[in-house]
2 protein chains.
Amino acid sequence: MSKVRADISVSVDGYVAGPDQSIDNPLGEGGEGLHDWVVALEAWREAHGKKGGEVNASTQVMAQRQAGVGAGIMGRNMFFGGGRTGPWDEAWTGWWGEDPPFHVPTFVLTHHPREPLSLSDTTFVFVTGGITSALEQAREAAGDGDVLVHGGARTIDQFLAAGLLDELELHVVPVILGGGARLLDSLSPQINLEQVRTIEAPGVTHVKYRVVR
Amino acid sequence: MSKVRADISVSVDGYVAGPDQSIDNPLGEGGEGLHDWVVALEAWREAHGKKGGEVNASTQVMAQRQAGVGAGIMGRNMFFGGGRTGPWDEAWTGWWGEDPPFHVPTFVLTHHPREPLSLSDTTFVFVTGGITSALEQAREAAGDGDVLVHGGARTIDQFLAAGLLDELELHVVPVILGGGARLLDSLSPQINLEQVRTIEAPGVTHVKYRVVR
């Protein structure tokens, strides 16, 4: 059966973005550094139309991550670029550009209805019915494929708290940000995980967990 | 030159003890599970006068941890067993028993003066002058050896914030506790780390960081 998976880059103190996030600085103070390891990869650069880059232990992690994904889910801020509130400005097509790196139907959680938006081979579908509705639609779109929950922190936490996540992978980056958007924030009661595997790579440790129910 | 090191077991959401800590339950709800990986080791059991146990990838991590340690530092609660307040009850010799597993001079941070206490070959020295004074005394006692900061969370955070820590090792255990004593709590500004090495072991991932100054 297909899985519901989430993976995200996180600081050693558990933040997925640094303090003082804004429209101009959606990843907050120091947050850019959380993605240095992936932006340096040849595989990432290729997917974003760039040349060069590294091949290292993170390459297979990213390949595994992409394999078999049939649909995606993300919070509104992750589509929008963060920091904006209120209804959609329909002229704004998200910060992923004209050729978003998803290539599968991607469901965006929002309180504001909007028509689906197709950019190259990625279609963003805006869902106002919450995570259960988004997951239902994503599962149907994914068929036999997995559903990847992209983030942000609050969206992943919602899926975890609702018992809807099968796998969580953390890309732990060697920095202490001291504030910002925290992942795994006040989730209770206790959630047991099983450590599936750990991979050490330059500037990051990848740890994959299975959620135990 | 000798190093100042800290290492501690931590949940995936960053807690070194679970919620609802008390005298009867100093590690809080679910906190015991943070130490399952170490308690299962033959090396740990031997050091605590017990037979049997496992040899696995964590064994070398614990051996490296103990190697070259000349002195230790811990917070009052870690000596005391947690949950107690007020001046010392001198009859209470800590929860480490008659043969504490330290075997080197161990400096306990406290606001309440007390005469040194020797139990087998471990001497506890009570320091009222804060972390700087404790580190000075520990360094002198350690000679060429390293100083190991045992915890708890607040003590390690104090050393990090003051720029006094050279190495931090986290033993990340696959559980989300949802509350309790948080490590790396609101440390700012940003502290840069260098990932020294990662070791995958049964039920735990060991990640060692160097603090970049």
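This is a predicted model: local features need pLDDT of at least 70, side-chain atom pairs count only at pLDDT 80 or more; totals for chains, interfaces and linings use all residues.
1. Ten strands make an open sheet of mixed pairing, in the order β5(A)-β6(A)-β4(A)-β3(A)-β7(A)-β1(A)-β8(A)-β12(A)-β11(A)-β9(B). At its edges stand β5 (117-119) of chain A and β9 (175-176) of chain B; each has a single partner strand, so one side of each lacks a neighbour in the sheet.

2. Within the pair, Leu117(A) is opposite Phe124(A).

3. Helices on the sheet. Helix α3 (residues 57-66) of chain A lies across β1, β3, β7, β8, β11 and β12 of chain A, at about 135° to β11(A). Helix α6(A) also packs on the sheet, touching strands of chain A, among them β4 (106-109), together with β9 of chain B. The direction of α6(A) makes about 135° with that of β7(A).

4. Helix α6(A) itself. This helix spans residues 153-161, and its buried residues are Ala153(A), Thr155(A), Ile156(A), Asp157(A), Phe159(A) and Leu160(A). After the helix comes Gly163(A), with a positive phi near 70°.

5. Contact between the chains. In this interface, 34 residues of chain B are in contact with 34 residues of chain A. The two chains bury about 2500 Å² between them, 54% of it on carbon and sulfur atoms. Pro174(B), Ile176(B) and Gln195(B) supply 24% of the area that chain B buries against chain A, more than any other three residues. There are 0 salt bridges between the chains, but 15 residue pairs are in polar contact. On the side of chain B that touches chain A, β8, β9, β11 and β12 of chain B each give two or more residues; β11(B) gives the most, with 10 residues.

6. Salt bridges. The whole structure has 14 salt bridges over all chains. In one of them, Arg213(A) and Asp166(A) have their closest N and O atoms 3.4 Å apart. Arg213(A) is in the segment after β12 of chain A and Asp166(A) in the loop between α6 and β8 of chain A, 47 residues apart. Arg213(A) is exposed, at 60% relative accessibility, while Asp166(A) is partly exposed, at 21%.

7. A buried pair in chain B. Arg65(B) and Asp7(B) meet in a salt bridge at 2.8 Å, N to O. Arg65(B) lies in helix α3 and Asp7(B) in strand β1 of chain B, so the pair ties together parts 58 residues apart in sequence. Both count as buried because their relative accessible areas, 14% for Arg65(B) and 8% for Asp7(B), are under 20%.

Terms used: Residues are numbered from 1 along each chain as its sequence is written. Chains are lettered from A and ligands numbered from 1 in the order in which they are written. Side-chain values use heavy atoms; hydrogens and water are left out. Buried means under 20% relative accessible area, exposed over 50%, partly exposed in between (1.4 Å probe, protein chains only). Helices (H or I, at least four residues) and strands (E, at least two) are DSSP runs, numbered from the N terminus. Two strands pair if DSSP finds at least two bridges between them. Contact means heavy atoms within 4.5 Å. Axes are lines fitted to C-alpha atoms, for helices over the stretch in contact, and angles run from 0 to 180 degrees between N-to-C directions. Buried area is the accessible area (1.4 Å probe) that two parts lose on being put together, summed over both. A salt bridge is a side-chain nitrogen of Lys or Arg within 4 Å of a carboxyl oxygen of Asp or Glu. A polar contact is a pair of N or O atoms within 3.5 Å; within protein, one must be able to donate a hydrogen and the other to accept it, and residues adjacent in sequence count only if both atoms are side-chain atoms.
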